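I open this notebook page to record what I looked up, entry by entry, with the conventions noted as they come into use.

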Amino acid sequence: MKRGDNGPQVKTLQYKLRKVLNRSLSIDGDYGPSTEKAVRLFQDLYSLTVDGHAGSKTQAKLDAVYKAMFKQNSELLHFGKRRFVVFVDAGHGGIDEKGKYVTPGKRAYHKDERMHERGHYYEGFENRLIAEGFIEACTAAGIMCVRTYHPYKDTSLSDRTELIRSWLRRGYYGYLHSFHSNAISSSNSAAKLDATRGYMVFNTRGNNFSDKIANQHFRHVKETVGDAWKYRTQTSSDGDVDFEVNFQILRETDLQEFYWFGAILDEWGFHTSKTDTKFIIEPENRIKRIQACLKTARWVKKGLDEVINP
Ligand SMILES: [Zn+2]
């Protein structure tokens, strides 16, 4: 196999490279530049001729390393009963120990409003409030959560995805729920800034498990939060309500080596809209949003438990 090849045998190669090199590599069946780079790295590490071609020698070595590391030990990678877990992510940093907001770009000022502090809406702070509330609600309902974000710092995406991967590799299963709010450019007119509103749910492209979670979650939000809010849907691409975009957090966490793992991202309104932010920070509305998320956690758990942990 070499650059330009594609098909299931490339997928197998990519899967093994990913496990052995312990780094993210898309398992798409296309022998492109990143696959070639991974082959070169493997060849370099195992003193093979570094040509980026997965020839018979390279494949034999890769098989041997893979088998030694994973095949015999795969039963040891998890112990006891497998368990459902929700990975909870909150976008951007929060407010540090000195009281400073650490992600300056992700906030909005709404004159004459109290918001979080003197008229400022801090996205990362609010994302954390709802994420923490969701974790509390899940815990009370007997659903285990793993927090992927730092209390206030902006941590790197690779730190967060590796944390998730390490749990999944040990047999835990579940999905990622990431909390955000949206924004448009502050150079828009005041009227447009306020009028651009609405809740959106995002997941990765294609018809996959994340897609199912996103659609079900959208229904939960609508029935729980109700008609007092505005909802934005994308009907152009595949006919369902979720937005399918290449958000890095979703692309990286929609881990292809765990086919039953999904990732969704909520944009709880636009923080550039005064109307939306007033709605978002209202405690009763926050509780409703958490209840909607809990419904989704229960729904995903039930579905996965039936398949993985009957
Ligand atoms: Zn955000």
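The model is a predicted one, in which local features need pLDDT of at least 70 and side-chain atom pairs count only at pLDDT 80 or more, while totals for chains, interfaces and linings use all residues. Residues are numbered from 1 along each chain as its sequence is written. Helices (H or I, at least four residues) and strands (E, at least two) are DSSP runs, numbered from the N terminus.

Entry on a helix pair. I looked up helix H4 (residues 123-140) against helix H10 (residues 283-308) and found that their axes come within 9 Å and cross at roughly 50°, the axes being lines fitted to C-alpha atoms, for helices over the stretch in contact, with angles from 0 to 180 degrees between N-to-C directions. H4 and H10 are therefore oblique to each other.

Entry on H2. Helix H2 (residues 33-45) has 13 residues and spans 18 Å from its first C-alpha to its last, close to the 18 Å expected, where the expectation is 1.5 Å times one less than the number of residues. I then asked which residues of H2 are buried, taking a residue as buried if 20 or more other C-beta atoms lie within 10 Å of its own, exposed if 12 or fewer, and partly exposed in between, with C-beta atoms placed from the backbone. They are Thr35, Ala38, Val39, Phe42 and Gln43. Seen down the axis of H2, these buried residues fall within an arc of 135° (taken from the directions from the helix axis to the C-beta atoms), so they line one face of the helix. Pro33 and Asp44, on the other side of H2, are exposed. Just after H2, I noted that Ser47 takes a positive phi of about 50°.

Entry on E5. Strand E5 (residues 173-182) is mostly covered, with 10 of its 10 residues buried. Strands pair if DSSP finds at least two bridges between them, and E5 pairs with strand E1 (residues 84-90) in the parallel sense over seven bridges, Val86 having Tyr175 in E5 as its bridge partner. Seven bridges also join E5 to strand E8 (residues 262-270), and these two run parallel; here His180 stands opposite Glu267 in E8.

Entry on Gln9. Gln9 lies in helix H1 (residues 8-21), and with 14 C-beta neighbours inside 10 Å it counts as partly exposed. Gln9 and Asp30 are 21 residues apart in sequence and 9.7 Å apart in space, C-alpha to C-alpha.

Key. Parallel < 35°, antiparallel > 145°, perpendicular 65-115°, else oblique.
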